[in-house]
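Please keep the structure open and find each residue as you go.

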Amino acid sequence: MRKSIRSFTPEIVPLDVVQSVVLGANRAPSSKNTQPWKLILVQGEALEKLRFDYIAAFNNGKPSTPEYVYGPDPLPEAYKKRAVELGKAFLTHKGIAREDKEKRREHDGENYKFFGAKQVFFLAVNKGEFGYGTFLDCGLFFQALITELDNRGLGSCPQYSVMSYPDILHKHIPNSDDLLFLLALPFGYTNKESIANSFVTEREGLDSFFRVI
Ligand SMILES: Cc1cc2nc3c(=O)[nH]c(=O)nc-3n(C[C@H](O)[C@H](O)[C@H](O)COP(=O)(O)O)c2cc1C
């Protein structure tokens, strides 16, 4: 069963494996076969420089300036409830008390370290060349990417949080001025010792979202 993985071993996934993952994901369907996705892998020194700026931004409380807003704001009540429950359950699983502000901030900060991953995919589209459907196509591609990784025993975690600082992405990713970054996907070999990785999320029952007419 796939789940989000938020701690990795230091090993690098070899480029031939990465390429087979990406080629597999590239079989994702898209409207009229438009294939609007762009994918950038950042690793090695480039990733360490990017990560350094992200950690500094988080530590300095840099204001979030996302280039696109992910969803309805405020969240509809039902979604908000699930989001709050997720947050509580994850903190409890990690043994972090709600009132422990320092530990909670450390927990949030893991995002801006890309969970320590040695390799991170960034999904993007060309600026000004997208509509709702383009985002659907990209979502299908992204899920295919996650599945291709999972099929090879590799873990990953989608991240919108890091879209808070698109300026850092544009600074570190050459020729990216015309790209709108959508999501990040830190990935790698799963750290089996990590408490974060043994967390399993809940799901709503079938009758809450599925019906047969
Ligand atoms: C679009 C999207 C953005 C997400 N952003 C983050 C994120 O910034 N940080 C994080 O820890 N998890 C993030 N997640 C992971 C979700 O929290 C996770 O998928 C959800 O809780 C279900 O858990 P599971 O993936 O383990 O099944 C994101 C997932 C999606 C699909």
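1. Let us begin with a pair of strands. Strand S2 (residues 119–126) pairs with S4 in the antiparallel sense, over 8 bridges. Strands count as paired if DSSP finds at least two bridges between them. Within this pairing, Gln119 stands opposite Phe187 in S4. Before we go on, please note that this is a predicted model: local features need pLDDT of at least 70, side-chain atom pairs count only at pLDDT 80 or more, and totals for chains, interfaces and linings use all residues. Residue numbers start from 1 along each chain as its sequence is written.

2. S4 has another partner. Strand S3 (residues 154–156) runs antiparallel to S4 and is joined to it by 3 bridges. Here Gly155 stands opposite Gly188 in S4.

3. How many of the 11 residues of strand S4 are buried? The count is 8, so strand S4 (residues 179–189) is mostly covered. A residue is buried if 20 or more other C-beta atoms lie within 10 Å of its own, exposed if 12 or fewer, and partly exposed in between, with C-beta atoms placed from the backbone. In the chain, buried residues make up 23% of the 213 residues.

4. Now look at helix H5 (residues 132–151). Its 20 residues reach 29 Å from first C-alpha to last, close to the 28 Å expected at 1.5 Å a residue; the expected span is 1.5 Å times one less than the number of residues. Among the buried residues of H5 are Phe141, Phe142, Leu145 and Ile146, and also Asp137 and Glu148. The buried residues of H5 pack against helix H1 (15–25), S2, S3 and S4. Just after H5, Gly153 takes a positive phi of about 75°.

5. Asn33 has a positive phi of about 55° although it is not a glycine, and its place is in the loop between H1 and strand S1 (38–43). Phe115 also has a positive phi of about 55° and is not a glycine; Phe115 lies in the loop between H4 and S2. Buried or exposed: which is Asn33, and which is Phe115? Asn33 is exposed because 7 other C-beta atoms lie within 10 Å, whereas Phe115 is buried because 24 do.

6. The peptide bond from Asp73 to Pro74 is cis, with omega near 5°, and Pro74 lies in the loop between helix H2 (44–59) and H3. Glu99 is found in the loop between helix H3 (77–93) and helix H4 (101–112). Glu99 counts as exposed because it has 7 C-beta neighbours inside 10 Å.

7. Stepping back, the chain has 6 helices and 4 strands. Helices (H or I, at least four residues) and strands (E, at least two) are DSSP runs, numbered from the N terminus. The radius of gyration of the chain is 18 Å, close to the 17 Å that the globule rule gives for 213 residues, so the chain is as compact as a globular protein of that length. That radius is taken over C-alpha atoms, and the globule rule is 2.2 Å times the number of residues to the power 0.38.

8. Finally, please look at the ligand. The residues around the ligand include Lys3, Asn111, Cys157, Tyr160 and Thr201, where being near means a C-beta atom, placed from the backbone, within 6 Å.

Conventions: Contact = placed C-beta atoms within 7 Å.
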